[in-house]
Amino acid sequence: MWYMNEEREMLRKMVAEFAENEVRPFVKEMEEKETFPMHLIKRAGELGILGLCFPEELGGVGVDWINLGIAMEEISKVSTCVGLLVMMTAVGSTLSLQFVGTEEQKEKILKPCIRGEQVLAMSLCEPVGSSNTAAYKTKAVLDGDEWVLNGGKIFCTLAGQCEYYGIMALTDEFNPLTMEGATMFLVHKDTPRFKVGHIEKKLAWHGSATGSIYLTDCRVPKTMILGEVNKGLHAFGSTVMQTYAYLAILSLGGAVGAYEEALRYTKERVHIGGKTLFENFQAVRHRLVNMYTEIEACRGLLYGCFEMMQQGKNGVKECMAAKIYAQQVHESVASQAVMLHGGNGLMVDNGIERYFRESKMMAVGGFAVDIIRDQISMLL
Ligand SMILES: Cc1cc2nc3c(=O)[nH]c(=O)nc-3n(C[C@H](O)[C@H](O)[C@H](O)COP(=O)(O)OP(=O)(O)OC[C@H]3O[C@@H](n4cnc5c(N)ncnc54)[C@H](O)[C@@H]3O)c2cc1C
């Protein structure tokens, strides 16, 4: 791979060991019992994985977008659920605090997150539709030195697990052209009348709590606005390249994990004439080649995005496209991996069908790919 060197290979090995030795043994319990893997997030903090894209003064290890990609791919090969939770803490929810957060917010929220001691949710979605911001019911009104929030959120990842929640609320009439009118508030979990509601049962990612939030006259200090009043979507959008690219890497990792399982299985499964599936059937070998080709095409696009970040270039469109393409590759490869396992592929205990279920989560979680298509079309 063009982006690998000795130092990155060491990092890859270290994260692969973490994924194999600590994440993999926990996946079954996590998925069956819906256990939130806080201990793995803490461990990712101890290993420095959560600090791979933060400067040292914030407790990070220095910014290298490719390094973070390599780490996220290794974890997601084993579990895109743990990958998602680590990704949210390593970049998805936290990076906007580095870009537009105040010193107080960095001390109280960002630094503990980088150490793996806390997690941070970003809750926008409401029953009216995640992209229908103008119709959000959650509103905030200024009263002295505090904002008073009323409303509710759905599908909040990390619900019930956070010290602080990023909550998007309307503070003015929303203008879809300027994307102004909504503000991001950092709400502490112990704020009176802040309530976490029902935690959903889902198709996959059972270790990741997804739930509702209720806010009734919740008073939030003025100092706990992320970015500027009415510009919450700008604060959120300041990390749009990273958010989409590191969601995409979860899909790439998931696809690689499914492909490796299928390759191993077809080389081990003894079939007609005492030969393996791989030896016997050209159709099987060619299917694997197609899976490999899809993965490498995706890898090229995605690591190209990380390199653009590394060089400080604007690659918003490319990162969005990568999120869409990586999900397609994830679903295609995982579906073919199930096929290559035959009946065994459909048996839950074998764990291969999990890759397919997780690929469907990537089509909607972190903004539906159709919504992203719509966003890209405005940039064409
Ligand atoms: C597991 C999980 C975790 C999530 N975590 C979070 C979270 O932490 N924070 C958060 O804020 N949200 C979260 N979400 C919400 C997620 O971003 C939305 O579910 C997703 O963006 C789709 O929005 P919706 O559910 O409101 O569907 P709807 O808006 O009802 O859309 C349904 C479908 O209509 C189409 N559609 C809708 N709008 C558009 C558009 N603008 N352009 C083109 N097509 C469109 C798409 O096909 C879409 O899938 C999570 C969702 C899931 C499933």
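A134 is partly exposed, with a relative accessible area of 49%. Buried means under 20% relative accessible area, exposed over 50%, and partly exposed in between (1.4 Å probe, protein chains only). The model is predicted: local features need pLDDT of at least 70, side-chain atom pairs count only at pLDDT 80 or more, and totals for chains, interfaces and linings use all residues. Residues are numbered from 1 along each chain as its sequence is written, and side-chain values use heavy atoms, with hydrogens and water left out.

A134 sits in the loop between strand 1 and strand 2 (139-143). Helices (H or I, at least four residues) and strands (E, at least two) are DSSP runs, numbered from the N terminus. From A134 to M179 the separation is 45 residues in sequence and 9.5 Å in space, C-alpha to C-alpha. M224 lies in the loop between strand 7 (210-221) and strand 8 (225-226). M224 is buried, because its relative accessible area is 4%. M224 and V329 are 105 residues apart in sequence, and their C-alpha atoms are 40 Å apart in space.

The protein chain contains 13 helices and eight strands. Of its 380 residues, 54% are buried. The C-alpha atoms fill a box of roughly 80 × 40 × 40 Å along the principal axes. The radius of gyration of the protein chain is 21 Å, which agrees with the value near 21 Å for a compact globule with 380 residues. This radius is taken over C-alpha atoms, and the globule rule is 2.2 Å times the number of residues to the power 0.38.

Around the ligand are 19 residues, of which L124, S130, F155, T157 and D370 come nearest. A residue counts as near if one of its heavy atoms lies within 4 Å. By class, the shell has 10 nonpolar, six polar and three charged residues. Ala, Val, Leu, Ile, Met, Phe, Trp, Tyr, Cys and Pro count as nonpolar, Asp, Glu, Lys and Arg as charged, and the others, Gly among them, as polar. Domain 2 (120-236) and domain 3 (239-377) each give at least three residues to the shell; the bounds come from an automatic or database domain assignment.

Backbone atoms also face the ligand. A ligand oxygen atom is 2.9 Å from a polar backbone atom of C125. For S130, a polar backbone atom is 2.8 Å from an oxygen atom of the ligand. A ligand nitrogen atom is 2.9 Å from a polar backbone atom of F155. Taken alone, the ligand exposes 960 Å², and the protein buries 69% of that. These areas come from the Shrake-Rupley method with a 1.4 Å probe.

Definitions and conventions: A polar contact is a pair of N or O atoms within 3.5 Å; within protein, one must be able to donate a hydrogen and the other to accept it, and residues adjacent in sequence count only if both atoms are side-chain atoms.
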